[in-house]
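Visitor: I have a structure to read. Please show me how.

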Amino acid sequence: AARIIQNMDPTADPCKDFYQYACGGWLSRHVIPETSSRYSIFDILRDELEIILKGVLETSDQGDREAFQKAKILYKSCMNESLIEQRDSLPLLEALRMVGDWPVASADWSKTKEPSWSMEENLSIMNSRFNKRVLIDMFVWNDDRDSSRHIIYIDQPSLGMPSRDYYFNGGNYQRVREAYLQFMITIAKMIREDKNVSRDDSFVQEEMAKVMELETEIAN
């Protein structure tokens, strides 16, 4: 109750400006950080929790359960920036190799990879190894009809951009759409360069336009 009262502005007339009356105390004491687009009690709790988690992850892992050890190993690997810089794009190239490579970043994918490439197999690898749902979202959850058991759910996955609006609307949506396509083109060029594949900007542009077209059809 004290926190609610503290976040109010009792000097404001609720009949004229109810938002100022209800939230004025919060607004006067908090400034949105430059690194955030919003700031609420949930953001404060998240920041406090991250500090606690950082302390936990930086403690010794002797005697920890396996799950805690894995979390600490992952944290240390993310903090090892010198090794990350040294490895450069190798982890990404290895991930691409596991799912049958990327046609736009390959010189002759249709000849060397496509004959043995299986969509079903690679969708399952993307899901199980990388937690990435493509075309189909599949997960295990409580059965809505019988909460004592778990069942497999099949659903539509999220799109490449936040919502369907980004694929069809004009204005800012169109600018984001154009930037999204350019981003794909840039990444494809970078990977081709890292794999020592010859530069072919027109081919990359055509292929990424096809990807955009496919995503748009899915969004529709």
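Visitor: How far apart do the C-alpha centres of domain 2 and domain 3 lie?

Guide: They lie 27 Å apart. This is a predicted model, where local features need pLDDT of at least 70, side-chain atom pairs count only at pLDDT 80 or more, and totals for chains, interfaces and linings use all residues. Residues are numbered from 1 along each chain as its sequence is written, and side-chain values use heavy atoms, leaving out hydrogens and water.

Visitor: Where are the domains?

Guide: Domain bounds come from an automatic or database domain assignment. Here domain 1 is 1-81, domain 2 is 118-158 and domain 3 is 164-219.

Visitor: At what angle do helix H10 and helix H11 pack?

Guide: Helices are DSSP runs (H or I, at least four residues), numbered from the N terminus. Axes are lines fitted to C-alpha atoms over the stretch in contact, and angles run from 0 to 180 degrees between N-to-C directions. H10 (residues 172-194) and H11 (residues 201-219) pack at about 135°, with axes 9 Å apart. That makes H10 oblique to H11. Under 35 degrees is roughly parallel, over 145 roughly antiparallel, 65 to 115 roughly perpendicular, and the rest oblique.

Visitor: Which residues make the contact?

Guide: Contact means heavy atoms within 4.5 Å. Among them are Tyr180 and Leu181 of H10, and Phe203 and Met208 of H11.

Visitor: What about helix H3 and helix H4?

Guide: H3 (residues 41-57) and H4 (residues 66-79) pack at about 100°, with axes 10 Å apart. They are therefore roughly perpendicular. Lys54, Val56 and Leu57 in H3 meet Ala71, Lys72 and Tyr75 in H4.

How values were computed. Helix = DSSP H or I, 4+ residues; strand = E, 2+ residues; numbered from the N terminus.
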